[in-house]
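Here are some notes on the aromatic contacts, as numbered points. Please read them with the coordinates open.

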Amino acid sequence: MATTIASLNLTSTDLLSDSLSLSAIATLTTAGSSTGLTQSSGLTRRTTSAASAAAIQASVLYRAGDYTANGANKVYIKNMSGTAAQYFTVHIDQEEIGRLYAGDWMFMPWNATSGTKAAFTVTIAATWAAGDTWTFDGITMTAADSTTANIAAQIDALNYPNWTTTHVATESTVIFTARYASDATEVVYATADGTLDTAGNGTADISSSTAGTASESDITIRPSVHTDMTYETLLIHE
């Protein structure tokens, strides 16, 4: 079990009518227990930049679907800029948490509540021939023979940018599951995206679709300027 201690000290002689000296300390544990958190993203730094101010984009720091939902996860982010006016805006989903100006940092809990990953089933059927192709998500499968179960296995063996696959040997179906939770339009896109080119009457029907729902707690960060800005971040999680 790892032992990780977080501490905060606030001191000021002129913020209040009396001197301020506040200290808080906590040992980081998993939700509802005394067991220490043992997982970490590692402390990382990244420099952002864009071609112009109009091209500035938010970056996803942490996707909720990759971590334990409702866990006692903790997130640290720091703006490493030395220019006072430069800031990063931090969001959870569409909600703005706030701005981190030069040298500012934050340490907060994160419950990582994810949405639902879209899913659908592809069924390989009818008459296929060696050389027939099926293209999805920018990836093309070329059939090595006419056996539908073998074709399904070939589809399963490929790596898709936005989807993972599941296939049972000897069966002619492949289940696709989105890598990340997203809204229902993803299944519509999937249905339209499968392209079949067959010499016979082979089919690759898409069915059993599960509509996705967008995650409501992905953490994103957006720089205030398009020139180089650097942030530092660490996730300690279950």
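1. Tyr67 is partly exposed at 21% relative accessible area, whereas Trp110 is buried at 2%. Buried means under 20% relative accessible area, exposed over 50% and partly exposed in between, with a 1.4 Å probe and protein chains only. The model is predicted: local features need pLDDT of at least 70, side-chain atom pairs count only at pLDDT 80 or more, and totals for chains, interfaces and linings use all residues. Residues are numbered from 1 along each chain as its sequence is written, and side-chain values use heavy atoms, with hydrogens and water left out.

2. The structure holds 14 aromatic pairs (rings of Phe, Tyr and Trp, the last by its six-membered ring, with centres within 6.5 Å; planes under 30 degrees apart are stacked, over 60 edge-to-face, the rest tilted). Tyr67 and Trp110 form one that is edge-to-face, because their centres are 5.8 Å apart and their planes at 65°. Tyr67 lies in the loop between strands S5 (59-62) and S6 (73-79) and Trp110 in strand S9 (residues 105-110), so the pair ties together parts 43 residues apart in sequence. Helices (H or I, at least four residues) and strands (E, at least two) are DSSP runs, numbered from the N terminus.

3. Tyr160 is buried at 3% relative accessible area, and Phe176 is buried at 0%. Their ring centres are 5.1 Å apart with planes at 65°, so this pair is edge-to-face. Tyr160 sits in the loop between helix H1 (148-157) and strand S13 (163-166), and Phe176 in strand S14 (residues 173-178), 16 residues apart.

4. Tyr160 and Phe176 belong to one aromatic cluster with Phe120, Trp134, Phe136 and Trp163.
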